[in-house]
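Colleague: I would like to learn how to read a few features of a protein chain. Please give the general idea each time, then the case at hand.

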Amino acid sequence: MIYLVTGPIDSGKTTCLRSIYLERRQGDGFLSTKVKKDETVVGYDLERLRDGERCPFIRRRPALPPGWDEVWRRGPFSFSRAGQQFAEAVITDLLRRRVEPVFMDEIGPLELQGQGFCPLVRQVVGSERTVYMTVRSDCLAAVIGFFAMGEHRLIPVPPAPG
């Protein structure tokens, strides 16, 4: 079964996904956790659920860290090759060891262009495992169609107040 945690930007999808993992105490995967500098979001790191290992994944341009190896670009954001490889290694490990449920955060516009986690989503959806993914509500129908997600359930996260 595929569970899609969905809501608008900054509605708490990642927090909801983490809560589901902590409640279940099973499976593994990764979250996209915000990186802040002086209360401003400057990017996202991928965080492995089972052990908290982190890898820089997204940073705002043009202020990229030294040695940043960009693999994709979308709007003001640069995506690192190291972060992409980290995600690939996590998902490959989970599929090899038949771990479930699999947790993935966040599937959206980049994947709909065949980039980002697109190949990983295809592998996980085709694996017939229990999967939890976050998807922004404005991408939901496109993601479901693009990845030919058959049976799935939505877990809506309400928009943040204010």
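Modeller: Start with burial: a residue is buried under 20% relative accessible area, exposed over 50%, and partly exposed in between, using a 1.4 Å probe and protein chains only. By that rule Leu-31 is buried, because its relative accessibility is 0%. This is a predicted model, in which local features need pLDDT of at least 70, side-chain atom pairs count only at pLDDT 80 or more, and totals for chains, interfaces and linings use all residues. Residues are numbered from 1 along each chain as its sequence is written, and side-chain values use heavy atoms, with hydrogens and water left out.

Colleague: Where is Leu-31 found, and which residues does Leu-31 touch?

Modeller: Helices (H or I, at least four residues) and strands (E, at least two) are DSSP runs numbered from the N terminus. Leu-31 belongs to strand S2, residues 28-37. A contact means heavy atoms within 4.5 Å. Leaving aside residues up to four places away in sequence, Leu-31 touches Thr-14, Leu-17, Arg-18, Asp-45, Leu-46, Glu-47, Leu-49 and Asp-105.

Colleague: What share of the protein chain is buried?

Modeller: Of its 162 residues, 47% are buried. Among contacts between residues at least 6 apart in sequence, 58% join residues at least 24 apart.

Colleague: How many helices and strands does the protein chain have?

Modeller: There are 5 helices and 9 strands, in the order β-α-β-β-β-β-β-α-β-α-α-β-α-β along the sequence.

Colleague: Why does the end-to-end distance of helix H2 agree with its length?

Modeller: The expected span is 1.5 Å times one less than the number of residues. Helix H2 has 16 residues (81-96), so it should span 22 Å, and its end C-alpha atoms are 22 Å apart. The buried residues of H2 include Phe-86, Val-90, Ile-91 and Leu-94.

Colleague: What backbone features come after H2?

Modeller: Arg-98 follows H2 with a positive phi near 60°, in a residue other than glycine. Arg-98 sits in the loop between H2 and S7 and is exposed, with a relative accessible area of 66%. In that loop is also Pro-101, and the peptide bond from Glu-100 to Pro-101 is cis, with omega near 0°.

Colleague: Which other peptide bond is cis?

Modeller: The bond from Arg-61 to Pro-62 is cis, with omega near 0°. Pro-62 is in the loop between strand S4 (54-60) and strand S5 (70-74).
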